[in-house]
Amino acid sequence: MTVVVATKYLSVDELQVLVEAGVEVVGENRAQDLEAKHARYGDAFRWHFIGHLQSRKAKTVNALCELCHSLDSESAAAKLTIPALVEVNLSGEPTKSGIAPQQLEAFLGSYADVRGLMTMPQATDDPEASRPTFRRLRELAAEHGLADLSMGTSQDYRVAVEEGATHIRVGSTIFGNRRPQ
């Protein structure tokens with residue numbers, strides 16, 4: 001299991017505490033923040049991209065990351081050269097990124113280095129409410145012979161682990177709720 005420490009709401013200077021704590025893997029949501037943080041901390045971490053991947057940002061992600069958790073467009077797939085997880089929108093929410101589950105088989109043919117799947121369940125205060133989403137992602141991965149599952153964040157990572165997550169993304173569990181107001 002890989003714990004990916006989400007750094008979306010951390011400043012460049014705040015990453016020093018992660019270095020001191022021995023954190024191995026960090027995940028960034030924005031390519032421009034990834035560049036700034038990587039410029040300072042480079043080899044201190046293994047870098048994952050966990051935000052929505054725009055095709056114009058693929059070059060940055062290719063250069064700095066070992067894994068992209070959020071591949072969901074053919075245009076980004078055409079420019080991505082690192083291993084990826086395909087983001088699947090299992091909640092059906094239009095505000096969430098990801099491809100529809102019924103499009104997964106066709107999409108998998110558009111990118112050679114897919115290692116697994118990722119999803120974001122509906123927002124809820126009850127971690128158990130995420131279980132059916134995580135279970136469905138695990139089933140989809142098994143149907144397509146994919147081993148890696150990126151699912152679970154600070155509020156529901158325990159349930160995600162029980163459902164087979166190989167990667168969990170945590171931030172607020174470590175740093176508290178740091179979202180800008």
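**Figure 1. Aromatic pairs.** The structure holds 2 aromatic pairs. The model is a predicted one.

**Figure 2. The buried side of helix α2.** Helix α2 spans residues 31-41. Its residues Ala31, Leu34, Lys37, His38 and Tyr41 are buried. They cover an arc of only 125° around the axis, which puts them on the same side of α2.

**Figure 3. The largest nonpolar core.** This core has 45 residues. Val61, Leu71, Leu80, Val86 and Leu117 touch the most other members. Helix α6 (residues 131-143) supplies the largest share, 4 residues. In soluble globular proteins, nonpolar side chains tend to be buried together.

**Figure 4. Contacts of Leu71.** Neighbours within four places in sequence are left aside in this view. Which residues are then in contact with Leu71? They are Leu53, Ala76, Ala77, Leu80, Ala84, Leu85, Val86, Glu87, Phe107 and Tyr111. Among them, Leu80 and Val86 are also listed with Leu71 as touching the most other core members.

**Figure 5. A salt bridge between Asp13 and Arg40.** The count for the structure comes to 14 salt bridges. One of them joins Asp13 to Arg40, with the closest N and O atoms 2.7 Å apart. The pair links distant parts of the chain, 27 residues apart. Asp13 sits in the loop between β1 (2-6) and α1, whereas Arg40 belongs to helix α2. Is Asp13 buried or exposed? Its relative accessibility is 52%, so Asp13 counts as exposed. Arg40, at 47%, counts as partly exposed.

**Figure 6. A salt bridge between Glu24 and Arg46.** The side chains of Glu24 and Arg46 meet in a salt bridge, 3.8 Å from N to O. This pair, too, links distant parts of the chain, 22 residues apart. Glu24 lies in the loop between α1 and β2, and Arg46 in strand β3. Glu24 is exposed, with a relative accessible area of 53%. Arg46 is partly exposed, with 37%.

Figure 7. Arg136 and Glu143 meet through their side chains in a salt bridge, 3.3 Å from N to O. Glu143 counts as exposed at 54% relative accessibility. Arg136 is partly exposed, with a relative accessible area of 31%. Which residues are linked in a network of salt bridges? The network holds Glu128, Arg131, Arg135, Arg138, Glu162 and Glu163.

Key: Residues numbered from 1 in each chain as written. Predicted model: local features only at pLDDT ≥ 70, side-chain atom pairs only at ≥ 80, totals over all residues. Heavy atoms only, no water. Buried < 20%, exposed > 50% of the residue type's maximum accessible area, 1.4 Å probe, protein only. Helix = DSSP H or I, 4+ residues; strand = E, 2+ residues; numbered from the N terminus. Arc of directions from axis to C-beta. Core = buried A, V, L, I, M, F, W, Y, C linked by side-chain atoms within 4.5 Å. Contact = heavy atoms within 4.5 Å. Phe/Tyr/Trp six-rings, centres within 6.5 Å; stacked < 30°, edge-to-face > 60°. Salt bridge = Lys/Arg side-chain N within 4 Å of Asp/Glu carboxyl O.
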